[in-house]
Amino acid sequence: MNFKKYLKSGITLALLLAVSSVTMLATTLNLDQGSTASIVRAKPKVVIIKADWCSACQKVDPIMMGLMKDYGDKLEFVIFDVTNDETTAAAAQRAKTLGLGSFFEANKKMTSTVAVFKGKKSVFKTSKNFNRNDYVAAFDKAIK
């Protein structure tokens, strides 16, 4: 057996595994491009605060559903459900995990709110807005 041949193959395999692991970690963490450890660019987030009892939310929902189909591959959609105490607590925890805790706390009582974030920065926010074109313009701007 040729020891050098196996050693070279082992080193190559180790390098491939290391690169693969870093890529998977970066994808899992959804690192932002501004991060020093970044390998992938995070999608802008569309944050929706809604409740089942909110009549404005019921008007915004079909608009958002259509836009999720149109922009699902370019934007990350996050829904914070504040229908009751249990869903609000879960939404608060998820917001905190996503780094959106302060936004959620400031807006959790403003149902039908839709905001767009690039990284940690809010680039669009509206409430009780039923104009699809406003969302399309904000989403297109966010993905440029």
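Trainee: Let's start at G119: what is its relative accessible area?

Mentor: Happy to! This is a predicted model in which local features need pLDDT of at least 70 and side-chain atom pairs count only at pLDDT 80 or more, while totals for chains, interfaces and linings use all residues. Residues are numbered from 1 along each chain as its sequence is written, and side-chain values use heavy atoms, leaving out hydrogens and water. Buried means under 20% relative accessible area, exposed over 50% and partly exposed in between (1.4 Å probe, protein chains only), so G119 counts as partly exposed, at 36%.

Trainee: In which sense do β3 and β4 pair?

Mentor: Two strands pair if DSSP finds at least two bridges between them. Here β3 (residues 113–118) and β4 (residues 121–127) share six bridges, and F117 stands opposite S122 in β4. The sense of the pairing is antiparallel.

Trainee: What is the strand order of the whole sheet?

Mentor: The sheet is open, with four strands and mixed pairing. Its edge strands are β2 (76–81) and β4, each pairing on one side only. As for the parallel part, six bridges join β1 (residues 45–50) to β2. Read across, the order is β2-β1-β3-β4.

Trainee: At what angle does helix α5 run to β3?

Mentor: Axes are lines fitted to C-alpha atoms, for helices over the stretch in contact, with angles from 0 to 180 degrees between N-to-C directions; contact means heavy atoms within 4.5 Å. Helix α5 (residues 132–143) lies across β1, β2, β3 and β4. Its angle to β3 is about 15°.

Trainee: Nice! Which residue meets E76 in a salt bridge?

Mentor: A salt bridge puts a side-chain nitrogen of Lys or Arg within 4 Å of a carboxyl oxygen of Asp or Glu. For E76, in strand β2, the partner is in strand β1, 31 residues apart. The N to O distance is 3.6 Å, and the partner is K45.

Note on methods. Helix = DSSP H or I, 4+ residues; strand = E, 2+ residues; numbered from the N terminus.
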